[in-house]
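Biologist: Could you put the model up? I have a few questions about it.
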Amino acid sequence: MSVNPSALRRAFASYQGAPVTTRAFVAARYVVAPLAPIEREFRGRSGLFLSLGSGLCMLERYLAELNPRLSFEGVDLDPAKVDLIARTRHRSPRVGLRLADATTLEAQADTFDGALVCDALHHFLPDTHTDVVATVARTVKPGGVVVVKDLDTRPAWKYHWNRLHDRIVAGPEPIWCRTPAEMAMLLEKAGLEVELAERVDNALTPYAHYLIRARRPG
Ligand SMILES: C[S@@+](CC[C@H](N)C(=O)[O-])C[C@H]1O[C@@H](n2cnc3c(N)ncnc32)[C@H](O)[C@@H]1O
């Protein structure tokens with residue numbers, strides 16, 4: 001399982017014209033994110049996926065380059081990111097981003113073929129997690145998948161590294177990581193069936209990545 005270099009090059013090229021700092025940030029994200037296990041979850045899928053806290057949509061643009069049957073509707077609170085995605089959308093037309101607060105999102109039931117929540121939940125206040133997951137579960141069509149990629153609380157050195165990383169990149173607000181078991185329980189409480197919950201980091205990388213695939217029954 002590895003990364004597809006030409007899809008990655010095309011996804012990166014879609015940020016042409018963005019400030020050099022933004023492009024450096026995008027490149028760094030492609031290095032740090034566990035692209036291969038995320039890509040595996042989207043292989044063979046099709047349709048429109050909701051993506052909460054999708055930021056600059058780096059993952060979505062890469063996945064859309066890999067699989068022409070995938071489209072994404074991202075949601076983010078940051079108007080600068082929404083503006084950049086709108087300005088460069090002609091280079092990645094199947095990935096949109098709209099300005100909204102994912103913790104109070106009003107989404108219609110049974111709308112999306114699936115959902116992705118990548119490294120976003122730990123930025124939302126913990127008492128919003130139940131409602132966010134319930135909204136995702138409701139807005140995905142029966143049979144649709146929900147992929148959550150987040151960061152574990154263990155081992156402590158990785159947790160502290162992740163905390164430092166987010167302090168530098170996202171600001172001083174605390175992060176609210178859950179263990180994979182806690183996150184899986186949250187998804188199950190929302191009526192989703194968890195099919196997979198696994199760590200996808202390795203011992204030496206400093207990010208405690210994990211990935212969960214859940215499915216709305218039906
Ligand atoms: C760590 S970034 C993850 C970006 C992207 N999903 C990725 O994996 O590269 C978290 C994103 O969540 C967004 N965010 C934070 N709170 C949010 C909220 N309440 N609603 C929507 N987006 C939010 C931030 O603006 C940021 O772009």
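Modeller: Start at Glu 193: its bridge partner in E7 is Arg 215. This is a predicted model, where local features need pLDDT of at least 70, side-chain atom pairs count only at pLDDT 80 or more, and totals for chains, interfaces and linings use all residues. Residues are numbered from 1 along each chain as its sequence is written.

Biologist: In which sense do E6 and E7 pair, and over how many bridges?
Modeller: E6 and strand E7 (residues 209-215) pair in the antiparallel sense, over six bridges. Two strands count as paired if DSSP finds at least two bridges between them. Helices (H or I, at least four residues) and strands (E, at least two) are DSSP runs, numbered from the N terminus.

Biologist: What is the strand order of the sheet?
Modeller: E3-E2-E1-E4-E5-E7-E6, an open sheet of seven strands with mixed pairing. Strand E3 (95-99) and strand E6 (193-199) are the edge strands, each pairing on one side only. From one strand to the next the twist averages 15°.

Biologist: Helices now. At what angle does H1 pack on H4?
Modeller: About 130°, with the axes of helix H1 (residues 5-13) and H4 lying 8 Å apart. Axes are lines fitted to C-alpha atoms, for helices over the stretch in contact, and angles run from 0 to 180 degrees between N-to-C directions. That makes H1 oblique to H4; angles under 35 degrees count as roughly parallel, over 145 as roughly antiparallel, 65 to 115 as roughly perpendicular and the rest as oblique.

Biologist: Which residues meet there?
Modeller: Ala 7, Leu 8, Arg 10 and Ala 11 of H1 meet Met 58, Arg 61, Tyr 62, Glu 65 and Leu 66 of H4. Contact requires C-beta atoms, placed from the backbone, to lie within 7 Å. The residues of this contact divide into six nonpolar, no polar and three charged. Ala, Val, Leu, Ile, Met, Phe, Trp, Tyr, Cys and Pro count as nonpolar, Asp, Glu, Lys and Arg as charged, and the others, Gly among them, as polar.

Biologist: And how do H3 and H4 cross?
Modeller: The axes of helix H3 (residues 35-42) and helix H4 (residues 58-66) come within 11 Å and cross at roughly 55°. H3 and H4 are therefore oblique to each other.

Biologist: What does H3 put into that contact?
Modeller: Leu 35, Ile 38, Glu 39 and Phe 42, which meet Leu 59, Tyr 62, Leu 63 and Leu 66 in H4.

Biologist: Switching to the ligand. Which residues come nearest?
Modeller: Gly 53, Gly 55, Asp 78, Ala 102 and Cys 118, of the 20 residues around the ligand. A residue is near a molecule if its C-beta atom, placed from the backbone, lies within 6 Å of it. The shell divides into nine nonpolar, five polar and six charged residues. H4 and strand E2 (70-76) each supply at least two residues of the shell.

Biologist: Which peptide bond is cis?
Modeller: The one from Arg 154 to Pro 155, with omega near -10°. Pro 155 is in the loop between strand E5 (140-151) and helix H7 (156-169).

Biologist: What about the phi of Cys 57?
Modeller: Positive, about 60°, although Cys 57 is not a glycine. Most residues other than glycine have a negative phi. Cys 57 sits in the loop between strand E1 (47-52) and H4.

Conventions: Contact = placed C-beta atoms within 7 Å.
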